[in-house]
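The following note sets out points for a colleague who has the coordinates open. Please read each point beside the model.

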Amino acid sequence: MKPIGRVNRVLGPVVHASGVTGARMMELVEVGADRLIGEIVRLDGDEIVIQVYEDTTGLAPGAPVYGSGHPLSVELGPGLIGSVYDGVQRPLDRLKAGGYLIRRGVRVPSLDREKAWIFEPCVKPGDLLRGGAVLGTVQETERISHRVLVPPSLGGAVKHAAEPGLYRVEETIAVLETESGEIALTMMQRWPVRHPRPIAGRVVADRPLLTGQRVIDTLFPVAKGGTVVVPGGFGTGKTSVEHQLAKWSDADIVVYIGCGERGNEMTHVLREFPRLSDPWTGRPLMERTVLIANTSNMPVAAREASIYTGITLAEYYRDQGYHVAVMADSTSRWAEALRELSGRMEEMPAEEGFPAYLPTRLAEFYERGGQVKTLSGKEGSITIVGAVSPPGGDFSEPVTQHTKRFVRCFWALDRDLANARHYPAISWMDSYSEYVPDVTPWWTEKGDAEWAGLRREIMELLQKEARLQQVVKLVGADVLPDSQRLILEVCDLFKNTFLQQSAFDAVDAYSTVEKQVKMLKLIVTFYRLGRNALDQGATLIKIKRMRILKEIRRMKFNVSNEEVFKLDDLQSRLEREMGRLGEIYGGFQSS
């Protein structure tokens with residue numbers, strides 16, 4: 001790098017420099033004797049504004065600024081899985097300086113240059129390759145076969161292909177003849193984080209991301225390649241929901257971005273994830289996870305860059321044909337970083353002090369999700385789950401409202417549910433999913449043809465129950481007729497048996513598609529048969545005293561995913577007991 005100017009003003013992470021020549025917008029630069037990395041965010045003649053991604057304490061006017069000539073980029077290649085990076089892809093385990101402090105100005109490669117990988121080539125001399133084609137494979141983990149790709153901007157004939165063997169990420173594995181000459185390809189490539197990686201086209205997202213969480217899969221499903229926002233106040237369980245998704249979702253790879261979260265929460269993630277087992281393979285969960293940790297006490301500018309770093313890593317694995325889930329926790333802290341940087345640059349604020357371009361930045365981020373056809377002809381997807389932390393749980397604040405414009409699924413967390421220890425605390429009244437019509441054919445084929453009707457019926461009951469609760473608060477439940485009290489009873493059963501789920505119970509932590517459908521069918525059948533029994537003269541007291549009702553309430557704990565046939569037995573017994581009850585009162589009425 002060569003000097004391009006001098007610092008003349010320091011405002012926290014925002015640095016002004018003058019006498020600048022040859023600089024470009026969004027260029028990566030280094031500032032001062034410690035070579036603090038930053039990015040040019042404004043050009044004005046020979047003056048520039050830089051947002052610095054490290055602590056600027058001690059930086060003074062007159063310090064040199066060095067230009068790199070290229071934008072902020074990440075390294076892509078084998079070794080990403082299982083790593084823990086900061087917001088600009090520096091490996092945290094190699095940045096510590098005697099304890100848990102991060103040294104300033106340290107330069108550590110994102111990918112290990114010394115580790116050798118077993119490379120299996122897929123091409124031979126003479127093959128014509130386009131950008132995104134697969135050069136070969138590396139078994140990165142037991143589950144993930146890393147497909148080494150031709151950079152998207154390159155294409156040509158293979159002049160030389162490496163033999164199978166051990167190679168480091170910087171060693172040549174192929175030589176490509178292009179229009180501009182011969183280019184040596186390695187297992188590593190770089191990509192600017194603010195530019196989406198190219199695709200061949202988008203595909204309709206019609207397969208659900210299965211999470212094993214009943215309130216999500218059944219009531220508010222998200223498709224692979226979908227976008228979700230999870231808003232909730234402090235303590236409502238945003239991070240817990242994302243942890244459950246990271247562990248139980250059927251995504252091939254999880255990119256978890258801890259963006260501005262409290263240090264203790266991120267510490268919990270960093271300690272727990274390496275010890276957790278992947279329920280699909282029995283291997284450590286980190287073998288399909290990339291962690292990006294940029295806590296609230298880290299430099300605020302790096303927080304702004306962290307979600308771009310995470311989504312770029314996700315796009316890289318999507319281009320290999322994998323289904324990736326991105327957990328951004330939380331985009332509110334990222335928006336706050338935008339607000340702070342915007343204020344220091346003296347930009348005109350919009351609502352609540354956020355910059356006027358907040359909606360644009362949110363749209364750019366969520367638009368990088370989706371199910372796509374890659375340049376190599378494979379299908380891959382990125383599902384984005386963004387947590388939002390509205391102050392005081394106010395969903396009308398700008399980040400929540402603008403995010404709702406760009407996502408199709410809304411999981412609203414309810415403080416009353418969280419206080420009642422009802423987890424996941426996803427409100428069935430305030431949440432919605434626009435993916436239901438898209439995933440219904442899949443559920444009809446893989447789950448049950450009645451799934452859509454059962455879901456619609458239980459949602460209608462929940463809405464009726466909410467209206468009845470307003471009456472109950474005023475005059476009590478005793479004044480209601482049995483038909484309406486039955487609705488209250490069924491909804492209470494559904495909420496406590498179906499929607500409430502324990503992450504600490506080995507049986508209840510995850511529910512398969514088959515178990516979810518059968519549980520839902522059993523509860524809806526209870527309502528239908530109970531309504532018929534009431535029509536024949538039975539009383540609600542008699543219905544509530546049926547012995548099988550206790551077994552239904554405990555079915556989520558007592559029936560494992562491998563024993564769903566027991567739910568069929570419960571269904572048959574319920575129909576028999578309700579039938580006998582109806583016969584008794586039906587015969588009494590006729591006599």
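1. Strand β3 (residues 27-31) and β4 run antiparallel and are joined by four bridges. Within this pair, Glu 30 has Ile 37 of β4 as its bridge partner. Strands here are DSSP runs of E with at least two residues, helices are runs of H or I with at least four residues, and both are numbered from the N terminus. Two strands count as paired if DSSP finds at least two bridges between them.

2. The model is predicted: local features need pLDDT of at least 70, side-chain atom pairs count only at pLDDT 80 or more, and totals for chains, interfaces and linings use all residues. Residues are numbered from 1 along each chain as its sequence is written, and side-chain values use heavy atoms, with hydrogens and water left out.

3. To which sheet do these strands belong? They lie in a closed barrel of six strands, ordered β1-β2-β5-β4-β3-β6, with antiparallel pairing. On average, neighbouring strands of this sheet are turned by 45° against each other, direction ignored.

4. Strand β5 (residues 47-52) pairs with strand β4 (residues 36-44) in the antiparallel sense over six bridges. In β5, Val 52 stands opposite Gly 38. The hairpin of β4 and β5 has two residues between the strands, and there Gly 45 takes a positive phi near 65°. Strand β2 (residues 14-18) also pairs with β5 in the antiparallel sense, over four bridges, and Val 14 has Gln 51 of β5 as its bridge partner. Five of the six residues of β5 are buried (buried means under 20% relative accessible area, exposed over 50%, partly exposed in between, with a 1.4 Å probe and protein chains only).

5. A second sheet is open and has four strands in the order β10-β13-β15-β16, with antiparallel pairing. Its edges are β10 (128-129) and β16 (181-186); each has a single partner strand, so one side of each is left without a neighbour in the sheet. Strand β13 (residues 156-161) runs antiparallel to β10 and is joined to it by two bridges. Here Leu 128 has Ala 157 of β13 as its bridge partner.

6. Helix α5 (residues 331-344) packs on helix α6 (residues 358-366) at an angle of about 135°, with the axes 11 Å apart. That makes α5 oblique to α6. Axes are lines fitted to C-alpha atoms, for helices over the stretch in contact, and angles run from 0 to 180 degrees between N-to-C directions. Angles under 35 degrees count as roughly parallel, over 145 as roughly antiparallel, 65 to 115 as roughly perpendicular and the rest as oblique. The contact (heavy atoms within 4.5 Å) involves Thr 331, Trp 334, Ala 335 and Leu 338 of α5 with Leu 358, Arg 361, Leu 362, Phe 365 and Tyr 366 of α6.

7. Where is Pro 390 placed? The loop between β24 (379-388) and α7 (398-406) holds Pro 390. Pro 390 is buried, at a relative accessible area of 3%. Its C-alpha atom is separated by 6.5 Å from that of Gly 232, 158 residues apart along the chain. Beyond its neighbours within four places in sequence, Pro 390 is in contact with residues including Gly 233, Ser 332 and Thr 400.

8. For the chain as a whole, the secondary structure comes to 16 helices and 26 strands. Buried residues make up 56% of the 591 residues. The C-alpha trace spans about 100 × 55 × 45 Å along its principal axes.
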